[in-house]
Amino acid sequence: MANKTLKGEIFYPSDEVLASARVRDWEKIRSEAEHDLQGFWAKEAAELHWFAPWEKVLDDSKKPFYQWFTGGKTNIAYNCLDRHIKTAHRNKLALMWEGEKGEFQSFSYYALWRETCKFANVLRSLGVQKGDRVTLYMGRIPELVIGMLACARIGAVHSVVYGGFTVEALHERLEDSQSKVLIVADGAYQRGKTVPLKSIADDALQRAATVESVLVVKRTGEPVPMEPGRDMWLHELMNLPIANNQSSVEIVDAEDPLFLLYTSGTTGRPKAILHTHGGYMVGTYSTFKYVFDIQEEDRYWCAADPGWITGHSYIVYGPLLNGATSFMYEGAPTFPFPNRWWQMIERYGINILYTAPTAIRGLMRFGEAWPNRHDLSSLRLLGSVGEPINPEAWKWYHRVIGKGRCPIMDTWWQTETGMFMVTPAPAVPLKPGSGTRPFPGVEMDILNEDGKPVAANEEGYLVIKTPWPAMMRTIYNDPDRYVSQYWSKFPGYYLTGDSARRDEDGYYWIIGRVDDVIKVSGYRLGTAEIESALVSHPAVAEAAAIGLPHEIKGNAIHTYVILKAGIEKTEKLLEELRAHVSHEMGPIAKPEQITFVDSLPKTRSGKIMRRVLKARALGQEPKDIMTLED
Ligand code: PRX
């Protein structure tokens, strides 16, 4: 193969991997898709069910508001469930789940379909209609998956809020989405303790006027206050006669909204990324099929949280569209011992593990003895997502977990892209730390400040040149921001917000965010959100947040705070401020360090120059500070 001439440290697929790979000649598919983009996606789409065929594969008449499969009628939940219960998949396991305390639950495709139908009827009985927004706020429990599918089934738009967020984050999302219903668990288990989700939600609900009904899922069983007329136990409604299998599917347009997912951007408040039924369905179906090369007998585990895009696309939709068996685990990787994950891989015979570099680094710290106690021979493929994986972690994952046999699919993508964009497939030669090249049909480039492609190995802005079916359609309620944030810096190109370089073999190496997004343990947080959480404390006048390298988390949050006049800089206040951010936003946003300062570097127009703070903290000379005010 021509591949033999690749430069650097290469891991070639073994004969065994090549023999079982669905696609051995990945380059061939890539060039087919390049020559006929629409033909490629039409072929993928045709493997799914459409109640009425599409008229156009791609409609770019209103770009950058691209539309896919216009005129087509479908429903993603129908494709995830109803389609399979008409086949031998009816009795196949769709979802296996282990709770942190060790309980186990499983659902065949039939059972997941039935529970979804019942849940859909419960939602309808609360008056939820096509297009209404429903917020879900829970830990990693099956009801979250079923709730999402139930919304999709009736054409409602789900908005999942990560269970690790707290009051202010939830409130903002409820209000922006104008949700009619909130589905919340009484609590969640986290490292043997419980997180009181319902009481956090009660605080958030005090200011969220549109929520009419609250469905409460019993998880921990701890007592929670129930507001009469508003709050109802889900299990009670699921036992009523209306909660039955007779639940019609809402036939929707390909371009009808499926979900909102809030994520942090360059400035200001989190924005609701909007995805639709048709294109998102085709994109997640196809990428999951090719990249994880899913086989009938596989047991697949994505260790992400359904509250983030990885969970939406590759716990819920991608696997179910493919009729795969998916495993989900509720708790922390190291609870009660650092072998928890390896024990579950052995117990359930997991074949594919998809996780984040931060988790790998965290588990690496405990040493090889923990995984080595377990039989991990069922593993066939590994995956990585969320941040760049350092070659050291890549090699540990490959050698210790994959025993040198399992290729690692390092997938680069975003909430906005909905699906894998830069990714290998099993037959592709790998370089540790690189996601290899774009998925078929996806054309990308790396540009300099003037919009010119950079030379090999030079760093620049990562952009996407071709539309793809699972692309976000807009920012909900803010189409102007969609255009200005993603399509304006280099007109015609989608701006990812990442910097990257491409080597002489065309392999992409992601460097990191070039905007004010901080990736902490793979979670995406905005400096603006952290800063506003700090400023909401009565002692704080001004605040700035930056990310600094951290061995396990990738980046850690460091903040600089100017106190209001007359307030004393004490250790106690530092702790209080850290706890305040954690309370407002969630423990993931808790600053690693807070430093009291008397001033912050600003531009003449008053913008905080986080770049300067970062360079100083790293002991570097800040570049280009001409516009610095002081
Ligand atoms: O910076 C990139 C990083 O995560 C960002 C997207 O974050 P989010 O929307 O939360 O989605 C995360 C899961 C898809 C990207 O802009 N990122 C994601 N995957 C990788 C990555 N960086 C390097 N390598 C990856 N494989």
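Predicted model: local features only at pLDDT ≥ 70, side-chain atom pairs only at ≥ 80, totals over all residues.
**Why is it called that?**

Visitor: Why does Lys-403 count as partly exposed?

Guide: Its relative accessibility is 37%. Buried means under 20% and exposed means over 50%, with partly exposed in between.

Visitor: Where does Lys-403 lie?

Guide: Lys-403 sits in the loop between α15 (391-401) and β20. Its phi is positive, about 50 degrees, although Lys-403 is not a glycine.

Visitor: What makes Asn-457 partly exposed?

Guide: Its relative accessibility is 34%. That lies between 20% and 50%, so the label is partly exposed. You'll find Asn-457 in the loop between β21 (444-447) and β22 (460-464). Phi of Asn-457 is near 70 degrees, which is a positive value in a residue other than glycine.

Visitor: And Phe-11, is that one buried or partly exposed?

Guide: Phe-11 has a relative accessible area of 23%. Buried needs a value under 20%, so Phe-11 goes down as partly exposed. Phe-11 is in the segment before α1 (15-20). Now look at Pro-429: Phe-11 and Pro-429 are 418 residues apart along the chain, and their C-alpha atoms are separated by 5.6 Å.

Visitor: How do you know that Asp-293 is buried?

Guide: Its relative accessible area is 2%. That is under 20%, so Asp-293 is called buried. Asp-293 is in the loop between α10 (277-291) and β16 (299-302).

Visitor: What lies 3.0 Å from a polar atom of the side chain of Asp-293?

Guide: The backbone nitrogen of Arg-22.

Visitor: Why is His-312 called buried?

Guide: Its relative accessible area is 0%, and the cut-off is under 20%, so buried is the word. His-312 belongs to helix α11. A polar atom of its side chain lies 2.8 Å from the backbone oxygen of Pro-306.

Visitor: What makes you call α11 mostly covered?

Guide: Count the residues: 13 of its 13 are buried. Just after α11 comes Gly-323, with a positive phi of about 70 degrees.

Visitor: Which elements give two or more residues to the shell around the ligand?

Guide: Let me start with a contact. A polar side-chain atom of Arg-524 lies 2.7 Å from an oxygen atom of the ligand. Taken alone the ligand exposes 540 Å², and the protein buries 96% of that. The elements you asked about are α11 (309-321), β20 (408-411) and β25 (508-513).

Visitor: Which residues come nearest to the ligand?

Guide: Of the 17 residues around the ligand, they are Asp-410, Thr-411, Thr-415, Arg-513 and Arg-524. The shell divides into 6 nonpolar, 5 polar and 6 charged residues.

Visitor: What makes β5 and β20 edge strands?

Guide: Here's the sheet: 7 strands form an open sheet in the order β5-β4-β17-β16-β18-β19-β20, with mixed pairing. β5 (104-108) and β20 each have a single partner strand, so one side of each is left without a neighbour in the sheet. The twist averages 20 degrees from one strand to the next.

Visitor: Why do β18 and β19 count as paired?

Guide: Two strands pair if there are at least two bridges between them. β18 (residues 352-355) and β19 (residues 381-385) run parallel and are joined by 4 bridges, so they qualify. Across that pairing, Tyr-354 stands opposite Gly-383 in β19.

Methods: Residues numbered from 1 in each chain as written. Heavy atoms only, no water. Near = heavy atom within 4 Å. Polar contact = N/O pair within 3.5 Å; in protein donor to acceptor, adjacent residues only side chain to side chain. Areas by Shrake-Rupley, 256 points an atom, 1.4 Å probe, with all protein chains shown as cover. Nonpolar A, V, L, I, M, F, W, Y, C, P; charged D, E, K, R; others polar. Axes fitted to C-alpha atoms, helices over the stretch in contact; angles between N-to-C directions. Buried < 20%, exposed > 50% of the residue type's maximum accessible area, 1.4 Å probe, protein only.
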